[in-house]
Amino acid sequence: MMLIYWSLLNLIFLIKKNKIKKTIKSILLFFYLFFLVIGIKLFVFDIYKIPSSSMENTLFPKDIIVVNKLKYGPKLPRSPFEIPLINIAFYLNKKARSDMNTNWWTYKRLSGTSAIKKGDVFVFDMKFNPNNKTIIVKRCMGTPGTTLKIINGNIYSNDSLFNSSQLVKNEYEFQVKNINLLYKKVDSLGVNLVLNESLKSNFLFKAMLSKQDVNNLENLKLIYEVKRVTDTFSQTKNIFSKPLYTSNWNWDNYGPLKVPSKGMKIKLNSKNFELYSRLIKKYEKVDLQEIHKEYFIGNKKTESYTFKQNYYFMMGDNRKGSIDSRRWGMIPEEFIVGKVQCILLSNYQDEFRWDRLFKSVN
């Protein structure tokens, strides 16, 4: 773009009349800046606002973040409505608006500087209904081809324990020695305590805490041993997929589940159908059906399925306060926007956080 601009600029200098030269030069500069802004937003980086508390304490609601699109490779627009500034003309066109929620072009992504790794925090977009595209930020817990398992809230990938950040929040329970003094102290920690009503006489509290919060509470010497609370098997939440043979999957005990990779072939049986059929129908756009323990794609009987895309298992750092892949399933690669590079601005709880200015996100 720069080369084209300077080439045209040199041609303009050949024009003898200064008035015409200045006019053409101004028009050229306008279009250069116009397309430069579009190019940067589409292919280099963009800025987003965190909508919820699902990534606390790594990211807070209303944090403004910088998203690096070069890291994994920029995704090319699927329709003119995804092209900034230019999309205004299409929004004004009634006929074009009728197709605004459909893909005009096939999915393509340019090469990036690195591959997605377990633990990366990135932005992706999802459509929970045909008229609503939602920008979401989560942490990658499962990459294509890996087997993910959650045991009592601990996350394993290929049987290797993931070393979670000190900022990840979980639910903890603890008993208080001096309740009045504790309330005075916890205000400075920013911890919300909830009294367990069933054990009110024992002053048993619950709170969503990070590892840092736990260390700070223990250092106060005002509480007894802190115990992490995990879902029991009777507390089954709305899980995206789980095999029929067990009801023991919940948000703290999940899997094992192999994350599909492009070209991965699975045998179609009752177990795999329950695990992957919703994903295949939703994201692979394949009409997979089970009829009397036989499997059909359309009207054709089949015994296996080969995935067409790479998938990723995403989770929020606020483990009990996040709706993520445990609820709505793994996401396909085509949804990924880019890696979260840093926090541009943070105004958490209406207080500007200087310590979070340009803070990198890991």
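**A greasy patch and some charged pairs**

Hi everyone! Let's start at Phe-31, which sits in helix α2, covering residues 18-43. Before going on, please remember that this is a predicted model.

Is Phe-31 buried, exposed or in between? Its relative accessibility is 41%, so Phe-31 counts as partly exposed. Together with Ile-27, Phe-30 and Phe-35, Phe-31 makes a nonpolar surface patch of about 400 Å².

Now for the charges. Side chains of opposite charge can pair when their charged atoms come close. How many salt bridges are there in this model? The count is 14, and I'd like to show you a few.

Have a look at Glu-56 and Lys-169, whose side chains form a salt bridge at 2.9 Å, N to O. Glu-56 belongs to the loop between β1 and β2, while Lys-169 is in strand β8, so this pair ties together parts that are 113 residues apart in sequence. Glu-56 is buried at 8% relative accessibility, and Lys-169 is buried too, at 9%.

Next comes Asp-317, which meets Arg-139 in a salt bridge of 2.8 Å, N to O. Asp-317 lies in the loop between β18 and α8, and Arg-139 in strand β4, so here the linked parts are 178 residues apart in sequence. Asp-317 has a relative accessible area of 0% and is buried; Arg-139, at 4%, counts as buried as well.

Asp-317 also has a salt bridge with Arg-319, at 3.8 Å, N to O. Both of these residues are buried.

Definitions and conventions. Residues are numbered from 1 along each chain as its sequence is written. This is a predicted model: local features need pLDDT of at least 70, side-chain atom pairs count only at pLDDT 80 or more; totals for chains, interfaces and linings use all residues. Side-chain values use heavy atoms; hydrogens and water are left out. Patches are made of residues with over 30% relative accessible area and no salt bridge: like charges are joined within 9 Å, nonpolar side chains (Val, Leu, Ile, Met, Phe, Trp, Tyr) within 5 Å. Accessible areas come from the Shrake-Rupley method with a 1.4 Å probe; for residues, only the protein chains shown count as cover. A salt bridge is a side-chain nitrogen of Lys or Arg within 4 Å of a carboxyl oxygen of Asp or Glu. Helices (H or I, at least four residues) and strands (E, at least two) are DSSP runs, numbered from the N terminus. Buried means under 20% relative accessible area, exposed over 50%, partly exposed in between (1.4 Å probe, protein chains only).
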